[in-house]
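User: Hello! I would like to go through this structure with you, one question at a time. Could you help me read it?

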Amino acid sequence: MSRTALRICPLCEATCGLTLTLADGAVTGARGDREDVFSRGFICPKGAAFGALDSDPDRLRGPLVRRDGRLREATWEEAFAAVAAAVPALVQEYGAQSAGVVLGNPNVHTMAGALYPPLLLKSLGTRNLFTASTLDQMPKHVSSGLLFGDPFAIPVPDLDRTDFLLLLGANPVESNGSLCTAPDFPGRLKALRARGGTLVVVDPRRTRTAALADRHLAPRPGSDALLLAALAHTLIEEKLADPGALAEHCDGIGELGAALGSFTPEAVAPACDLAAAEIRTLARELAAAPAAAVYARIGSCTVEFGTLASWLVDVLNVLTGNLDRPGGALFPLSATAPASRPAGPGKGFALGRWSSRVAGHPEVKGELPMAALAEEIETPGDGRIRVLLAIAANPVLSAPDGDRLDRALAGLDFMVSVDPYLNETSRHAHVVLPPPPPSQSAHFDFAFNGFAVRNQARYSPAALPLEDGRMDECEIHARLILAVSGLHGAPPGVVDERVIADSLARAVADPHSPLHGGDPQELARLLTGRTGPERRLDLMLRTGPYGLTLDDLRQAPHGIDLGPLRPRLPGVLKTRSGRIELLPDPIAAELPRLRAALADRPAALVLVGRRHLRSNNSWLHNVPALTGGSNRCTLQVHPQDADRLGLVDGGNARITADGGSLEVPVEVTDAIRRGVVSLPHGWGHDRAGSRLSVAAAAPGVNVNQLLDGTRRDRLSGTAVLNGFPVALTPLP
């Protein structure tokens, strides 16, 4: 007998609502939830394959513990006992900085990944945090921190009301969006054009997103900051800039003209390989649109000047008066965000509060560059990382020079992985703690609701009960925290109850909290939820801006629509001045390097990555329904470059860069501009000891092995993964 259950899809940032078909304790089908208040029935191939991922036979069903050099099946008690015996002793002997934590992208797709890692870091007392952010989005956090005082105050394009959308380095038709949570992104772009709006896409590849555009510009990769600076220069030079009401909230508007004076369209045109007239036309169209938004993502972040590009996106939105206005770029307001406070000066945002031990990389948002992880493990001396906790992370594939990191991980004193698979990274662990399939976990999008193009709140209870031998992911995290902090054996609920007690104590003392002046114990008794994480969610909803409760979400299984995005300035500002600091000192100090790039001689051939609708980094290559077809690890080359280099479609080539060389199959296509080649990210499933049978059958190559980790965006520490020079040699 089959039944259905609702579930928010956790496989990308779109957070679409699913209707799952369940039979015999398994997910047998998935379709879009037509009544979902946000996604309205939209589904992509990843969501449709939910059942196949959920029941993947390669998923680990129980813990693994390394004994006599081999990972062997163990009980949960044995696994946590091993952690408790090793980690506190090593930290006590070598100090708190001998521990490191790595957080992968999947953490932001689960409740556990949102609620517990900060507690784990606090328990360890370490500053050695490495996350996927320095492999993709950190430049946007840095620019937002410097502009608005809050690295999470990231404006998103008001897709459903804008008249003009400029997309740079983004392919949301295939990625489903990034730092812009928008189910059915393709449909929203089509609706923009259908209502008479304009879509301009800037990308060196003719992507599926570019195919929808009114105009597609294909500049040289890595030149986004130069192009954006020229657009801003043109607005100022031609007196097209009109911040309107934003002017009263901004410092530094008057200084922008001088700061960007060198970046005329004529000056940047050779570096961008775009005509100066084309750049001026684009600036004029942006200024003339009734409502416009500029949006840039991974392709503009993972380059040398990623933070400057991210900053200039918001500079353009300010100069055109489109920041914080309907149809422009607005700040979402999540149901679990802290309650609003009176506008005024805040603590601001600082870079480099500490530095990494070996190379002195400055801290950014509490993190160190992922590209520095290997050297922190392998370099002797006080503070060497000896203990590593990897939570849903596979940096051997996602970070530069995976071979070096692979060797470094093998030399750790102790490693714990929280991961459902034995993959290229977790195979090094001494203890592997596998979370259950997503159908057996509750879900709320703490992170992505803060980037959503419409305010809403949705909660999914577990669709299926935990199977025998499984442990809830939140309980895994709670027990791990207890094990590393010397409290092994305490009830896992202790972790959540301590958080609730601390949060209530702060709330009742905060005059801006809706719980101000209340009795913490009485308020704690009011919280609903069967588990600690549910009670924590209930508390966050109650203290949030809409005054919701968990019961409200339970009674609205398709979600609660909280309305379109609304202007929020100056309330979102947390800078020391209480204003938008449009030309912060770290940005101004970096602009001379960007000016020097005007004279750089472009490399003859550079590489960019690419996304596929049926993939998400290295996650989904083990799901048969999502493999094959166009989702292949091939090197895309323009026909003229192929002729010049002696490459043939279907043949092989050796590609060489800073970090080494790879042998790759060639795909000749005019969908990429001349002088650029493309290789997708997340492949390279050929390492011994992994248990990914489907992925191993078509392993592909790890594009990040071409990098040695020395190329980084200076302000954010983000690895340069796009626009770096390569050389190609045909192979027989």
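Predicted model: local features only at pLDDT ≥ 70, side-chain atom pairs only at ≥ 80, totals over all residues.

User: Thanks for joining me. By about how much of the helix are Asp538 and Arg542 separated in helix H22?

Analyst: Residues are numbered from 1 along each chain as its sequence is written, and side-chain values use heavy atoms, with hydrogens and water left out. Helix H22 covers residues 532-542; helices (H or I, at least four residues) and strands (E, at least two) are DSSP runs, numbered from the N terminus. Because Asp538 and Arg542 are four residues apart in that helix, their separation is about one helical turn.

User: How far apart are the closest N and O atoms of Asp538 and Arg542?

Analyst: Asp538 is buried at a relative accessible area of 0%, while Arg542 is partly exposed at 23%. Here buried means under 20% relative accessible area, exposed over 50%, and partly exposed in between (1.4 Å probe, protein chains only). The two form a salt bridge, that is, a side-chain nitrogen of Lys or Arg within 4 Å of a carboxyl oxygen of Asp or Glu. Their closest N and O atoms are separated by 2.9 Å.

User: How many salt bridges does a search of the whole structure find?

Analyst: As a general point, side chains of opposite charge can pair when their charged atoms come close. Searching the whole structure for such bridges gives a total of 39.

User: Which residue forms a salt bridge with Arg215, and where does that partner lie?

Analyst: Arg215 belongs to strand S11 (residues 215-217), and the pair links distant parts of the chain, 70 residues apart. The partner, in helix H13 (residues 276-288), is Glu285.

User: Helix H13 also holds Arg280. Is Arg280 buried or exposed, and which residues make up its salt-bridge network?

Analyst: At 13% relative accessibility, Arg280 counts as buried. Arg280 bridges to Glu237 at 3.0 Å between the closest N and O atoms, and this pair joins helix H13 to helix H10 (residues 224-237) across 43 residues. Glu237 itself is partly exposed, with 43% relative accessible area. The linked network consists of Glu237, Glu238, Glu266, Arg280 and Arg284.

User: Which kind of aromatic pair do Phe148 and Phe331 make?

Analyst: Rings of Phe, Tyr and Trp (its six-membered ring) pair if their centres lie within 6.5 Å; planes under 30 degrees apart count as stacked, over 60 as edge-to-face and the rest as tilted. The structure holds four aromatic pairs. In this one the ring centres are 5.2 Å apart and the planes stand at 90°, so the pair is edge-to-face.

User: Where does each of those two Phe residues sit in the chain?

Analyst: Both are buried, Phe148 at 0% and Phe331 at 2%. They link distant parts of the chain, 183 residues apart. Phe148 is in helix H6 (residues 138-148), and Phe331 is in the loop between S14 and H16.

User: Which ring does the charged end of Arg386 sit over?

Analyst: A charge sits over a ring if NZ of Lys or CZ of Arg is within 6 Å of the ring centre and within 35 degrees of the ring normal. For Arg386, the distance to the ring centre is 3.8 Å. The ring belongs to Tyr94.
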